[in-house]
Amino acid sequence: MMEKYLKDNFELQPKNSSEEALRRWRKAVSVVKNPRRRFRMVADLAKRAENEAKKRKIQEKIRIALYVQKAALQFIEAVSGGGDEDYALSEEARRAGFGIDAKELSSIVRGHDHNRLKSNGGVEGIARKVSSSLNDGLNPRSIELRQNVYGVNRYVEKPSRSFLTFVWEALHDMTLIILMVCAVVSIAVGVSTEGFPKGTYDGLGIILSVFLVVIVTAISDYRQSLQFKDLDKEKKKIFVQVTRDGCRQTISIFDVVVGDIVHLSIGDQVAADGLFISGYSLLIDESSLSGESEPVNVDQGRPFLLAGSKVQDGSGKMLVTSVGMRTEWGRLMETLSEGGEDETPLQVKLNGVATIIGKIGLTFAVLTFLVLIIRFSVEKAINGDFSNWSSSDALKILDYFAISVTIIVVAVPEGLPLAVTLSLAFAMKKLMNDKALVRHLAACETMGSATCICTDKTGTLTTNHMVLTKLWICDQVKDFKVGERGEELKSVISERVLSTLLQSIFQNTGAEVVRSTEGRNTVFGTPTETAILEFGLLVGGDFASQRAQSTLVKVEPFNSVKKKMSVVVALPGGGFRAFCKGASEIVLQMCNMIVDREGQVVCMDEMYRHHVMDIINSFAGEALRTLCLAYKDMDESFDGDVIPMDDYTLVAIVGIKDPVRLGVKDAVQTCRNAGITVRMVTGDNINTAKAIARECGILTDDGIAIEGPEFQKKTQEEMEELIPKIQVMARSLPLDKHKLVTNLRNIFHEVVAVTGDGTNDAPALHEADIGLAMGIAGTEVAKENADVIILDDNFSTIVNVTKWGRAVYINIQKFVQFQLTVNVVALIINFFSACITGSAPLTAVQLLWVNMIMDTLGALALATEPPDDEMMKRPPVGRNVSFISRSMWRNIIGQSVYQLVVLGVLEFYGKKLLGLSGSNADSVLNTFIFNTFVFCQVFNELNSREIEKINIFKGLLSSWMFVAVMSITIVFQVIIIEFLGTFASTVPLSWKLWLASIVIGFVSMFVAIIIKCIPVESIKKPEENHGYKRLLDGPELV
C-alpha cells in the first residue's frame, strides 16, 4: 500500500525528469511544518520558468544583434555614408596608456561591427590600442591596471546566505511558532496563578528548547550551505591557455583580461569576447548564446568570438576584447543558476514517506488532544466542578495542547528528505578531496546503483603519459628507450627518409614547442601528439626551422570521428604536399605507395599491405597505440579546399606506450565483486584494446571484443544476444558508445555509468544514468554534459564514487530505520498513556529534545558515516527496489515492540517495580521513563549502524561524527536530568536509576541480535534476464 502510493506520487527519474513528475510530487506533499526549510534544496519551478523566459529574451536579443543589426547598420551606412557612434576615450583608459574605451571594444564584437574594427586598424590595431602583442601577448605587470580599466572576468552572483538567515528560516517551523505562543500564554497564566518566577518555568522551558532546536538546525543547515558553496566554486573552475610575455601558460578563466592572447582547441569554452587572430577550420557553437544550433565558421572574414560559445572543431588564437559583465554571456549567466537544481529521487521518495507518517502523526496528535480534553472534562463533571473553571484549568488545557503540538513536531519526520541533502553534501565534500567533483546531486545517489561502467582506455585505465617506444620505417623495426636520443636511426635510414619522417612529424601536428614561464622549451599538446613531437626532437629535428620551410595552407584537426589529422603545406619550390597521420588501419587504406630504404617511392601491392598489417598487429599485441604517418605530393592544381583521401605514400608506423595505471586491476576486480560489469570502449586498434583489457582484468575468456563498425551492422536481435557478452569495443565512434549505452539502459534496464573526454562524447554522457567526464583530458563540452568530473582521470576514483553512492543510500536507510522507530514509540506511548491515565509521560520540552536527537543529531550521526569495503561486496540496488526493505521493517517493529513493552510496564507498574514512594514518586518515575526512553534511542542509534549484520561496532572509531553526536547526546541528557529539572520537568536520579536506564537501553542491543536472526522472506521475481544473472535486492543483499 505504502509502496504503491510512493510509486504513484513520488517516483522521479535520476536525470532529465519531466516537469509533470516534478509538479506531481509537490502537489502530493502535505503536513509540512516548515516549507522554507523542507523545500530549500528543491527546484523553484516558477522561478525557473521566469528565468527561462528571461534567458530566451536575451538570446533573442543576441540573435537580433548578430543577424539583423548587422544588416541594418550596413543599410544605414549606405544611406547616410557613415553611422558610426562616437565613443570618447575615458580619462582612466587614457591615463593607463590605452587607446580604446571598454564600451567601444564591447560594441565591436557584440555588434559584429566590421567597419568599426576596420577604422581601429583591424585586429593588429586593436592589439596596439590595448597594449598587447599578437605574438607575445600582454605584460603580466599590467594585469591589475587592465582589470581596473576594462573589468574582471567574473559574473554577478547571488550573495551567500548568512547564518542568521538560516536561524530565521528555522524559526518558520509552524509547530515551533505554535509552541512559542503556548509558552508565552503559559508564562502569562503561570505568573498570574503561581507568581514569579515559579509560574514562568514551564513556558521558559519550552522557549529554551525551541531556541536550542532552532540553533542546532541552523548550524547544520549553514554547514551544508558552506559545503555546497565550496563545491559550486569547484564547478565553475575552467582553465585556458594564454600567451603572456612570450610564454605559454595555463590560467583560470577568471584571470583572463582584455589584451590576453587565448589559445582555442576542440571542446574549449570561449573565455571572453574577442577577435580571431589565426587558426584553422575554427567552428564555433553559439547555441548557448543565440539558441541557433548551426555552428559558425570563424576566420579572418568573420573574426568575432563571443564568450560562452564552444569550439566544435578546429583550433585558433584570439585577442580578448571584453570580459565579465561587459559580455552578453555575463548577463546570461545571471539567469543560469536561478530556479535551483532538480531534486534527487531519494529526496522525493522520503518527502513521500514524511507525508504519510506526518498524516498518521497529525491524526494521533489530534486524537491525543481530544482524549486528554474529554478525560479532563469527564473528571471535572464527576467531581461536580464542570461549571467551575479556573486559570489552573486553562493552564492544564494549554499544556495538553502543547503536548499534542509537540507530538506533531516528533511525528512529522521533516528531517527525512533533509537527511538526504546532508548525506549527499557530506559525500560530495569527501569525494572532492578524493578527486571527484559531483556536478549534480542525483549522480552521487544514482552511482550507488550502477550495474555497468563503460570506460575509456586512454588516461582512465592507463596513465596518459605516452612515449614513442617503437618505430617501423623502411621495413625495419626499431625499439627506443625512454629519453633515448635515437642516433641509431640515422645509421639505418637515409638522410632523405629521415627528412621526410621529420616533415611528417613537425608539419602535421596539433602540438607546439613553446617557451614556458620557467624559460624552458616545452611541448604543448595532447599526450599522443606530444609523444610523437618529442620523438622528432630527440632524433635531431628542429621544430621552428621545419615549420619555417613551408607554409600551412589547410588543416583538418584530429577528432574522434575521422580518427586522423591532415594538413596541406605549400612547398618552397612550388607545389603542395599533404600529410596525414592517424589510426593505422584507416591511414593504411589511404596509401598505395611506400618509402623504401633509399627514400624512393615504390608501389605497395596487396601482399605487402598484409605484411604492414601484420606489423601493426604485432605492435598492438604489445599494448602499443599505433599510428601511420603518410604524405602525398600535389601540383599547382590543388584548390586548397578539400584534402585528398587517397594515393598517399606510407612513411612510418609508430608504436606509443601508455602504461596501465597502478591499482586499476584491483579496482576492476572490486567492481566484479560488487556486481558491476566493466566494459572498455576505445578508439584504439582492437589488438591494442584487447591487450590492455586483459592486463586490466576486463577481458575474460568468455567475453567478446568487437569493433565499432561491426557493432553498428548488427540487427537489434543480434545486439540483444551480443551486448551481455561485450567487454571491449575498439575503433568505436561516439555514436557507437551512445548506441551501446541506449541499449544497455532500455533493453537490459541497466544503470549505466559512462566516461568521456571529447566533445563528441557529450550525447553518450547525457544519455547515461551517470556521465563521468575526465578532469585532465576532458574538454569543457564533455564536462558540461557530465554529472561527475573525475579530476585525476583515474578509474579507481570512479570505483570510489560508486562506493560513496552506496554509502549514501545505506546511510539514509539506517537513518530512516532509526527515526521511524522513535516515531512509532513516541506516538503510541503518548497516545495510549493519554487514553488510560489522562496524562502524557513525556512533556513538550522532553519531546522537543527527543525530536532533536532523532532529527538533526540523528542525521548527523547516521547519514554521514563513511563507506567501508564491505559495501563493494554486495550487488547494486535495483531500480525499483523498495527503499524501506523488509529487513528494516523487521528491525523497526522489533525495537518498537521492545521499547513499548518496557515503557508501558514502567508507566503502569514503575512505582512498584522501582520501589518509589513519597511526594515526588510521580516526578521520579516520569524522569526515569524519559531517561530510559532517551537511552533506548541512544543504543538503537548504535543498532541502526547495521541493518543486517550483528557486529555494529566495526568502523565505529573511524566515524568521528557518530562518536561526537553520541557523546554530545549523553552529556546533554545528563545536564537536562541533573541540572535543568526546573525547565524540563525532571528531577535528579540516583546512580541506581541511572544505571537501570542505561541497562534497559543496552538490552536493546541483544534484542537487535535476536531480531536480526529472524529470516525475512523475499518475493521471487519472474526471470527475464536477457542472459544476465538476476541481481539480489532488498534483504537478499546480505
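Contact here means heavy atoms within 4.5 Å, and helices (H or I, at least four residues) and strands (E, at least two) are DSSP runs numbered from the N terminus. This is a predicted model, in which local features need pLDDT of at least 70 and side-chain atom pairs count only at pLDDT 80 or more, while totals for chains, interfaces and linings use all residues. Residues are numbered from 1 along each chain as its sequence is written, and side-chain values use heavy atoms, with hydrogens and water left out.

**View 1. Helix α35 against helix α38.** V924, F928, N931, T932, F935, C936, F939, N940, L942 and N943 of α35 meet residues of α38 that include L993, W994, I998, F1002, M1005 and K1012. The axes of α35 (residues 921-943) and α38 (residues 991-1012) come within 8 Å and cross at roughly 35 degrees, where axes are lines fitted to C-alpha atoms over the stretch in contact and angles run from 0 to 180 degrees between N-to-C directions.

**View 2. The kink in helix α34.** Helix α34 (residues 886-914) has a kink of about 75 degrees centred on F908, the bend being the angle between axes fitted to the seven residues ending at a residue and the seven starting there. Just after α34, G915 takes a positive phi of about 65 degrees.

**View 3. The open sheet of 8 strands.** The strands follow the order β8-β26-β25-β24-β9-β21-β23-β22, with mixed pairing; two strands pair if DSSP finds at least two bridges between them. Because β8 (436-438) and β22 (704-707) stand at the edges with a single partner strand each, one side of each is left without a neighbour in the sheet. The twist averages 20 degrees from one strand to the next. Within this sheet, β24 (residues 752-756) and β25 (residues 770-774) run parallel and are joined by 4 bridges, with V754 standing opposite G771 of β25.

**View 4. Strand β17 and its partners.** Strand β17 (residues 591-595) runs parallel to β20 (residues 648-657), with 3 bridges, and antiparallel to β18 (residues 601-603), also with 3 bridges. M593 has T649 as its bridge partner in β20 and C603 as its bridge partner in β18. In the hairpin of β17 and β18, with 5 residues between the strands, G599 takes a positive phi near 90 degrees.

**View 5. Confidence along the protein.** The mean pLDDT (the predictor's confidence in each residue, from 0 to 100) is 85, and 94% of residues reach 70 or more. Confidence is lowest in helix α4 (residues 45-80), at a mean of 67, and highest in α38, at 95.
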